[in-house]
Amino acid sequence: MLPFSYDVSSKKLKVTGDYADLEYDIQQLNTLSGEILANKADVPSPPSKESFDKKLSHMAQKLHESAVSNIKTGKYPEAIKLLTTGLEMVNRRPKYESFQMTLSEMTIFIVTRADAYMMNGDFEGAFNDADLLVTLLPSIPDNYIRRGVALFKMGRYVDAKNNFERGLSFDPDNAKLKKELDFVLKKIDEENGEL
Amino acid sequence: MARVEYDYDESAETWPYFVITLLAVVLVPTTISYVSKIWSRSSSGRKAQVKKYATSFKASNHDQVSQLTGSKGSGNYFLFSDKTLVFLIVGWSLFLYVGYVIHTTELVADANVFDPWEILNIDSSATEKQIKSVYRKLSLKFHPDKLGSLSDEEKEDVETKFVLINKAYKALTDEITKENFLKYGHPDGPQSVTHGIALPKFLVDGKLASPVLVVIYISMIAIALPFVVAKWWDNVRSHTRHGLHIKTAAAFSSYIINNNPAKLINTETIIELISKAEELKSATNLSSEEIEELLLAQLNRVFFDSKKELQKLKVVSLVPKLINGLVDIAATFRNSELCVKAIEAQRYLIQAVNPTGCSDIEQLLQLPFVEKKEQVSKKIPVHTLGKLTTISDGEIADLVGIDKKNAAEVRSVASSIPVIKVLKAEFKIPGESVVTPQSNAHIVVKLLIKSPAQKGQAKVDDEKLEEKETFESLRDPFSIVQDQPVLACLPESPYFPVTVENSEYVNGWAVLLTVQRDGKLADSVDLLTRGSLSNLELSQKAYSDGEEVQVTTYKLKLNSPTPPTPGDYHFKLSFKSLSYLGSDLDIPLVMKVQEPPKVEDAGVYDIEDPEEDSIAGAMATLRGEKVKTADDDDDDSASDEEDLEIESDFTDINTDTEDEGEDK
């Protein structure tokens, strides 16, 4: 017997028995099937640039703009709240849409939120977002500046140093990274009582 | 006619030789391997050691720790727990006994052995004349006609002797007899062939014979042989190449495969994973949950009553080997995060430090007398060993909340924890001046193992950083590393028992090479286990001076060839201490792959351009190739020089990465 059953009323699969590792996969399946059903069309359009929901993009852009203006006036907590909402909204896009497009929309929000966290003095929040950015876009040197600075502020100087060095491996002439690296190297020496 | 029969070894002449040979075959190699193992592990000649640091600090579980390390009973514990040693002692005493048996058993002269010289009692170099005279004397003495008053028995004796003397004389003088003697060893021609069995007779013939022999045969063939083979096979089947139990390896691999990348790995995750190991279960008869609880207790410095504490330390002492296996498996998946976290977890378990919530002062928690993290003052901004060595004893006492009289000891321990300073690191291909595509490269690192108390740059001669390329070094570039003594890092953690089994996994550094582009491991994880610790004892002045500074060479062999296309490839080389907190080092490293410099003038082996007026020259002109004209020769020397210059330009290209200059 299969370890899951189909619930006709909710039109969802349900795990029967103790299969914790199956739970996650079934949940993803349910989400996708639910979204396809809600789409009403028999077959959802292929995940291309054209079929991407522009209306939602427009709304997200609006949210982002207001968040940026909040940052400019120094209202960081409000900006973070707006950005988090926007991120959720983008994240709830139907899964059958082009993931490439969803991802690029998401990164805009994460980048801005990481900076907002940083300016707000929430370095752990900034680190988490920067860390996510490094995972999503590992070849952008700026992301290493973000993560490195967050680590520096948290007192993890050696980790910060490694981030700046990794960033420099993608862009050896990046002036900002070089400056940050010099700074953190001095700080490490100071911590070790070398100076 | 020759007859065939079996001789049994009744007088114990031959079988002891047989036994002693068998014993020697087993004992000698075992002894050699055992002694070399002991030598490499404990010989002070091969090990780089800092002078034994004596601490007055005793951890709450000091007794149990020393019980496991065997340091309390001056090595007796270790001596008799070693099965090989017991086997060797028993084996060698048996050997001596059999040797004694051989020595005391007199060799009975074999009647079958015919020695004409001995019978005639002359030297083998005697001339025919001498032989004749001796024979005459003896035959007169033993002639059967001259036996008057002797008893029958004596007569018989003398008669046989006389026959022998005659035979011996003939063997040395008569042609045919001599030939017989030389061919068959006896003047009468071929003798009966005897086959000796190196066993006493009672084992083969007699009442008990067949049952005893049958039992021995059965036990050898039906029990011992299958047992040995089965045991070997079982070991092969149940353990991986690195000595990890197959179930453990499967648990580790399945964790890595099913790991959710979004989930953070920390020390507790590693502990949970390690506690599933079959080795720990079979060593303690505990469930995974109980083992995990014990490991967490070690991490949090929770101590139990004597018996349970001993069990906990036993589990902990097995962890380094498991971590090593886990790192090996994770490295095949190129999972750098898991490797790093596993090595960190090992250190936290060795030092009994839980980093949660106090990662900034973790370096201080490994010092003696610093038993609780609450002891450490937050007001003094000192977080590292390096900084701690710069402040006064009074400040140290205030910082880690201890009695002032112990501060000097804390300082001395902090200064004897080895840290690494890299002087030079580069990619190298033996025999090449640059890193060429698709080649087998290795990384050469010249580094100092020094004390955190030594500050600034050491003025190390450039000569010490250079390696001359000799034929030997080209053949085996790693011999220079192997010639260095094995590191034995002191001081040992007060909470962790370093045993014979785990010492190879806790001394030194793990070396990880990660690709900057994707942050994954570029190669398998290697260990830096050889080097010089003598720098630790140098004063600041001697260190800065650089005269007495010993440079350690480390080489990392890359298993995969260099990339096929020229360009810059960025790596991070990490040294992760296997037992200390705060002696790690990461350096960026660039591999500049380029085509090998073109050497235009290849010297005498080059085929010369054909002469203009030869047929080959005519053909070459048709193909548009260069030809040698008669007056071309004069220019040759000039162009040679030019080529040489080009060559030297290429050798000047430096593939070094900048020395980091800063380390932890």
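**Burial, spread and cysteines in a predicted model**

In this predicted model, 41% of the 195 residues in chain A are buried.

Visitor: What makes chain A more spread out than a compact globule?

Guide: Chain A is built from 8 helices and 2 strands, in the order β-β-α-α-α-α-α-α-α-α along the sequence. Its radius of gyration is 22 Å, whereas the globule rule gives 16 Å for 195 residues; the value is well over the rule, so chain A is more spread out than a compact globule. The C-alpha trace of chain A spans about 70 × 40 × 30 Å along its principal axes. The centres of domain 1 and domain 3 of chain A are separated by 46 Å; these domains cover residues 1-39 and 141-195.

Visitor: Why is B:Ile102 called buried?

Guide: Buried means under 20% relative accessible area. B:Ile102 has 17% relative accessibility, and therefore counts as buried. This residue belongs to helix α4 of chain B, residues 83-104. Beyond its neighbours within four places in sequence, B:Ile102 is in contact with B:Pro16, B:Tyr17 and B:Ile20.

Visitor: Why do B:Cys339 and B:Cys358 count as buried?

Guide: The same cut-off of under 20% applies. B:Cys339 has 0% relative accessibility, so it counts as buried; B:Cys358, at 3%, therefore counts as buried too.

Visitor: How many disulfides does a search of the whole structure find?

Guide: The search finds 0 disulfides over all chains. A disulfide requires a pair of cysteine sulfur atoms within 2.5 Å.

Note on methods
Residues are numbered from 1 along each chain as its sequence is written. Chains are lettered from A and ligands numbered from 1 in the order in which they are written. This is a predicted model: local features need pLDDT of at least 70, side-chain atom pairs count only at pLDDT 80 or more; totals for chains, interfaces and linings use all residues. Side-chain values use heavy atoms; hydrogens and water are left out. Buried means under 20% relative accessible area, exposed over 50%, partly exposed in between (1.4 Å probe, protein chains only). Helices (H or I, at least four residues) and strands (E, at least two) are DSSP runs, numbered from the N terminus. Contact means heavy atoms within 4.5 Å. Domain bounds come from an automatic or database domain assignment. The radius of gyration is taken over C-alpha atoms; the globule rule is 2.2 Å times the number of residues to the power 0.38.
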